[in-house]
Amino acid sequence: MSDPAGYLKVAPGSQPPLDSPGYGSTHKRHPKQAPIRIAPTLTESLAPRMTERDYPSFADMSVHEGRQAQGERIIVGGRVLDENGKPVPHCMVEIWQACSTGRYHHPLDTHDAPMDPNFKGEGRVFTDADGNYSFVSIKPGAYPWRNHRNAWRPNHIHYSLFGHGFAQRLVTQMYFPGDPLLALDPVFNATPDVAARNRLVAALDMDIGKEEWALGYRFDFVLRGRDATPMENPQ
Amino acid sequence: MSKLVATAAQTIGPYWALIEHPEWADLLRAGGPNAGYDKGERITLTGRVTDGDGATCPDAVVELWQAGPDGEYEAGFHGYGRSRCDADGCFHFTTVKPGAVKGRGNATQAPHVTLSVFARGLMNHVSTRLYFSGEALNETDPVLGQVPEARRGTLIARPAGAGVWQLDIVLQGEGETVFLEV
């Protein structure tokens with residue numbers, strides 16, 4: 001059996017640095033030493049196999065115990081691809097977010113906004129054989145977070161994806177087009193490359209939305225791809 | 001030549017507990033993917049996650065990825081777990097001890113698990129490996145061999161009771177954990 005293929009190198013500026021001074025919590029939590037780059041072994045080449053049997057999906061976050069959540073109903077859909085443009089099928093996508101008033105269903109969130117009892121804020125879906133996913137939710141509200149003077153997070157949805165290789169693990173956030181808070185947000189702006197940053201903004205998509213029922217947004221994910229060329233520094 | 005660029009990571013933030021399922025920290029849980037699994041040695045893995053001030057990170061979450069006792073991945077044993085850090089900043093996994101894993105070329109890797117830390121203040125997750133002290137294969141493990149000797153100890157768990165192994169994770173500063181990337 002030959003050695004596992006490497007992963008394509010991270011494109012310069014396409015990822016936020018761990019040391020992102022505008023985001024206060026990074027000050028004491030970013031490692032000062034560079035990580036050691038290793039050639040992938042089976043450990044890094046493979047990944048946990050997440051299946052709907054063990055991790056059941058729930059794709060409609062807009063209803064809780066039969067009751068409708070408050071707010072603007074949305075459908076979010078798109079594809080999960082790798083950097084070589086290949087769809088990532090059967091990819092588990094975890095979703096979490098604040099309710100329409102900007103409040104998380106969590107005791108740590110003490111923001112003085114009404115909590116919607118019909119919105120728990122957790123979803124889980126799997127991509128189909130072509131890498132497509134979609135789910136129904138409520139547009140999340142903005143909320144204050146004390147990072148700097150009068151700091152408010154832009155509307156956003158959190159995602160956690162499990163690809164088919166250890167290095168494809170992705171935790172990220174999706175933003176909404178036209179949000180004036182984006183220009184002020186140190187988390188969004190931590191990614192140096194403007195195009196890479198702007199790819200975190202979903203696109204309004206009237207084909208994904210449903211007439212007289214929900215607005216639609218398109219958001220595609222790209223996970224790291226394998227490099228077909230041999231490793232530069234085989235170990 | 002790649003056609004696309006991987007999506008930028010963003011911090012998991014303080015509210016990831018909305019997707020928390022505490023039982024995932026027990027890989028052998030009843031009703032779980034490994035229910036009834038009876039091979040290998042049952043172990044507990046624990047450790048404290050601290051920041052550059054030595055303060056604990058009780059909002060952090062640690063993910064585990066490992067081979068089964070036979071050294072194979074996802075071949076009869078589902079090697080994924082997720083543990084929140086408790087009020088003392090400690091993660092706790094119940095699992096089986098992994099076997100030696102085939103390395104690159106003709107190498108053999110010492111038994112190890114991969115730990116990834118996600119937290120508020122980490123723009124992207126960081127990953128390291130946990131090895132078991134006293135394991136003869138540690139001496140020839142090709143990944144440990146790439147880690148400067150003075151820092152190698154940050155990857156080696158020590159016994160902390162019967163079947164219990166402890167490895168603390170220091171995100172920054174003195175004794176900073178060696179993190180790995182591919």
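Two strands count as paired here if DSSP finds at least two bridges between them, and strands (E, at least two residues) are DSSP runs, numbered from the N terminus. The legends below describe a predicted model, in which local features need pLDDT of at least 70, side-chain atom pairs count only at pLDDT 80 or more, and totals for chains, interfaces and linings use all residues. Residues are numbered from 1 along each chain as its sequence is written, chains are lettered from A and ligands numbered from 1 in the order in which they are written, and side-chain values use heavy atoms, with hydrogens and water left out.

**View 1. Strand β2 of chain B between its two partners.** On one side of the pairing pattern, β2(B) and strand β7 (residues 112-118) of chain B run antiparallel over six bridges, with Trp65(B) opposite Thr114(B). Antiparallel pairing also links β2(B) to strand β3 (residues 80-84) of chain B, over five bridges; here Glu63(B) has Arg82(B) as its bridge partner. Strands of a sheet pair through backbone hydrogen bonds, either parallel or antiparallel.

**View 2. The two faces of β2(B).** Is this strand buried or exposed? Six of the six residues of β2(B) (residues 61-66) are buried, so the strand is largely enclosed by the rest of the structure. Buried means under 20% relative accessible area, exposed over 50%, and partly exposed in between (1.4 Å probe, protein chains only). In a regular strand the side chains alternate between the two faces of the sheet. Val61(B), Glu63(B) and Trp65(B) cover one side, while Val62(B), Leu64(B) and Gln66(B) cover the other.

**View 3. His112(B) and its surroundings.** This histidine lies in strand β7 of chain B and is buried, with a relative accessible area of 0%. Its side chain joins that of Thr43(A) in a polar contact of 2.8 Å, and also reaches the backbone oxygen of Ala110(B) at 2.8 Å. A polar contact is a pair of N or O atoms within 3.5 Å; within protein, one must be able to donate a hydrogen and the other to accept it, and residues adjacent in sequence count only if both atoms are side-chain atoms. Beyond its neighbours within four places in sequence, His112(B) has contacts (heavy atoms within 4.5 Å) that include Gln66(B), Tyr73(B), Arg129(B) and Phe132(B).

View 4. How many disulfides does the whole structure hold? A search over all chains finds zero, a disulfide being a pair of cysteine sulfur atoms within 2.5 Å. The sulfur of Cys57(B) has its closest cysteine sulfur in Cys85(B), at 7.3 Å, which is too far for a bond. For Cys90(B), the closest cysteine sulfur is again in Cys85(B), at 7.3 Å, too far for a bond. Cys57(B) is buried at 0% relative accessible area, and Cys90(B) counts as buried at 12%.

**View 5. Nonpolar cores.** A nonpolar core is a set of buried Ala, Val, Leu, Ile, Met, Phe, Trp, Tyr and Cys residues joined through side-chain atoms within 4.5 Å. The largest has 38 residues, and those touching the most other members include Val76(A), Phe135(A) and Tyr159(A). At least two residues of this core come from each of β4 (73-82), β5, β7 (132-138), β10, β11 and β14 (221-223) of chain A. Apart from it lies another core, of 30 residues, among them Tyr37(B) and Phe179(B).

How values were computed:
Helices (H or I, at least four residues) and strands (E, at least two) are DSSP runs, numbered from the N terminus.
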